[in-house]
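Dear colleague,

Please find below the structure for your review. My findings follow directly after it.

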Amino acid sequence: MLGEFLKNYRLKNNLKQSELAEKIGTSQSYYSRIENNVVKPDINMIRKVAKALDLEESFIRSLI
């Protein structure tokens with residue numbers, strides 16, 4: 001659920017995975033694993049993603 005939402009929201013904002021990964025200070029491959037629900041992001045990563053996408057952190061946590 002989280003991965004699908006993040007992917008759709010990222011695409012809606014015309015961002016590539018590599019661009020978002022750079023904004024949040026991680027690799028594109030790690031970010032890809034988040035979008036594909038292979039890994040669950042920790043609280044620090046959730047904060048970075050929320051800030052980069054201008055979303056509420058609590059909303060992202062509710063999707064995990």
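The buried residues of α1 are L2, G3, L6 and R10, where buried means under 20% relative accessible area, exposed over 50% and partly exposed in between, with a 1.4 Å probe and protein chains only. Viewed down the axis of α1, these residues fall within an arc of 95°, so they line one face of the helix; the arc is that of the directions from the helix axis to the C-beta atoms. The face turned away from that buried side carries the exposed residues E4 and K12.

This is a predicted model, in which local features need pLDDT of at least 70 and side-chain atom pairs count only at pLDDT 80 or more, while totals for chains, interfaces and linings use all residues. Residues are numbered from 1 along each chain as its sequence is written, and side-chain values use heavy atoms, with hydrogens and water left out.

The buried residues of α1 pack against α2 (17–24), α3, α4 (43–53) and α5 (57–62), contact being heavy atoms within 4.5 Å. Helices here are DSSP runs (H or I, at least four residues), numbered from the N terminus.

E35 has its place in helix α3 and is buried, with a relative accessible area of 6%. Its side chain is joined to that of R10 by a polar contact of 2.6 Å (a pair of N or O atoms within 3.5 Å, one able to donate a hydrogen and the other to accept it; residues adjacent in sequence count only if both atoms are side-chain atoms). Leaving aside residues up to four places away in sequence, E35 touches G3, E4, L6, K7, R10 and Q17.

Yours sincerely

Technical notes: Helix = DSSP H or I, 4+ residues; strand = E, 2+ residues; numbered from the N terminus.
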